[in-house]
Structure formats: C-alpha cells, structure tokens
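Keep the sequence and the 3D view open as you read.

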Amino acid sequence: MIESLIANLRARDVVSSHEAQLLSSIIVRQRWIAADEDLVKEGSRPTYSILLVDGIAARYKFVEDGKRQITALHVSGDFVDLHAFPLKEMDHGVVALSHCHIALADHSDLKKVTETEPHLARLLWLLTVIDGAIHREWIVAMGRRSKKSHMAHLFCELLLRLEVVGKVENSSFSFPLTQLEMADVLGISLVHLNKTLQLLRDEKVLQWTKQTITVLDLERLKSIGEFEPGYLNLRVEPR
C-alpha cells in the first residue's frame, strides 16, 4: 500500500528496511474516495495525515466571488496534508479530482517517529519542503510565464513526479482532470485554456485525449516551459 511513498523517498535518500517496515506499520487504515469529494476541509483539525496511494487530488481555496484556485496537485506517493500535523488547523481544502485510494497516518504515530526516528523524520520533513519548492515554481509560472509556458512546465513536472512512482508508460500518464479543473489550476478561463492547449498541440509536443496525457517531444516541452527539475530534489544523498 505504501510502495509509491517508499519510491518517492528512495528517489531522494536511502530508506532502510526498518524505516520502510515502520511506515507500513503506522499507515494501515485505508479508504476509497469518490471524485469531487473533500479529503480535507478548510477549518478542520485533522488527527491524521493522508497518503495518496492512487489517484489525483488538489489543494484549493475559494475567493469571495465563488471562484476556486487550485494551489497544488497531488499524485500517488504524496502526503496531501503532512503539514496538518504541526499546523493543527487547515487553512485550505483538499479535494479528490479522481477516484482516490488513500491511507491514513495518525498524528500520534507521526509524533513517535519524530521523537525516535530522526532520519525518517527528516525524510518526511523533506516531503513538505519539496511541497514548498513546488509552490514557489507555481507562483513564478503563474506570475511571470506565458500561459503556454506555464502549461508546458506543469506537464513536465507531472511527468517527472509520476515517473518516480511508476505511473508513466511510453511517455503517457493518466490525467483525469476536466478542462474546467485544469483552468482552475492555471487560473485562467476555459476559453483561454483551450487556446493554450491548442498551441501545444500545434507544436506537436503534447496530446490530451481520453483522460491521458502523452508527451510527444519532451525536450521541446521542457524548452517551452523553461523547465529545470532541480526543485524536485530528485537526487539520492544523505538527508
């Protein structure tokens, strides 16, 4: 059940068999969540953190006029709310964008990990640090890149994150978001989204068909998105 999490961690550092077994022992409860169902509600005070075993989920905020901004996408192997452990009260929601399989880690067990397993605690901390790095890249993309470049950067990022956890085959991955949800990710209108997507199709770097993204020319897509993967910290070194 936690294979994707272990793959995520082992892409950054060595995870001992003891550490893997410990994670397996504390992440035991599991649930299946329907698309459009909240995993976490804004203002809640969860007593556990959620590991996304399979599916795709999003952090989001609503503004006063009812429009939604998606602030992060989560894929298999991600904790969607590990930060809830020290924060206590959630200042945003997390919603399933597809049918999701999740597993729960009680905060009481995570507390024991931080007190008795310093290396494993640092690895879990690293996941929240990488979340912050991804947020910074998203802010730069939204504020300073063209929408074409922004979309290209996002798909490069998702391809790499999903490759780490074995969810990419022949440069293709499942992407069950609607175009309206994708517009919420990029912070643009549905009309603008369609125009931007068409630009990437015209350059023959990307296909989006039947809830599947296929990258046709990764190097060209990276160039369009000005994508440099260093912020994902995909190098194995002591933490």
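Helix α2 (residues 17–26) buries E19, A20, L23 and I26. Buried means under 20% relative accessible area and exposed over 50%, with a 1.4 Å probe and protein chains only. Helices (H or I, at least four residues) and strands (E, at least two) are DSSP runs, numbered from the N terminus. Down the axis of α2, the buried residues fall within an arc of 135°, so they line one face of the helix. That arc is taken from the directions from the helix axis to the C-beta atoms. S17 and Q21 are exposed on the face turned away from the buried side.

The model is predicted: local features need pLDDT of at least 70, side-chain atom pairs count only at pLDDT 80 or more, and totals for chains, interfaces and linings use all residues. Residues are numbered from 1 along each chain as its sequence is written, and side-chain values use heavy atoms, without hydrogens and water.

Now the cavities. A cavity is a set of points, on a 1 Å grid over the protein atoms alone, where a 1.4 Å probe fits but cannot get out; lining residues have an atom within 4 Å of a point. A volume is the space filled by probe spheres set on the points, which are joined across faces, edges and corners. There are two cavities of 30 Å³ or more.

| Cavity | Volume |
|---|---|
| Largest cavity | about 200 Å³ |
| Second largest cavity | about 50 Å³ |

The largest cavity has 18 lining residues; N8, R12, D78, I130 and D131 lie nearest its centre. Helix α5 gives the largest share of this lining, four residues.

Notes. 1 Å grid on protein atoms, 1.4 Å probe; cavity = no way out; pocket = protein on both sides within 12 Å on 5 of 7 lines; lining within 4 Å.
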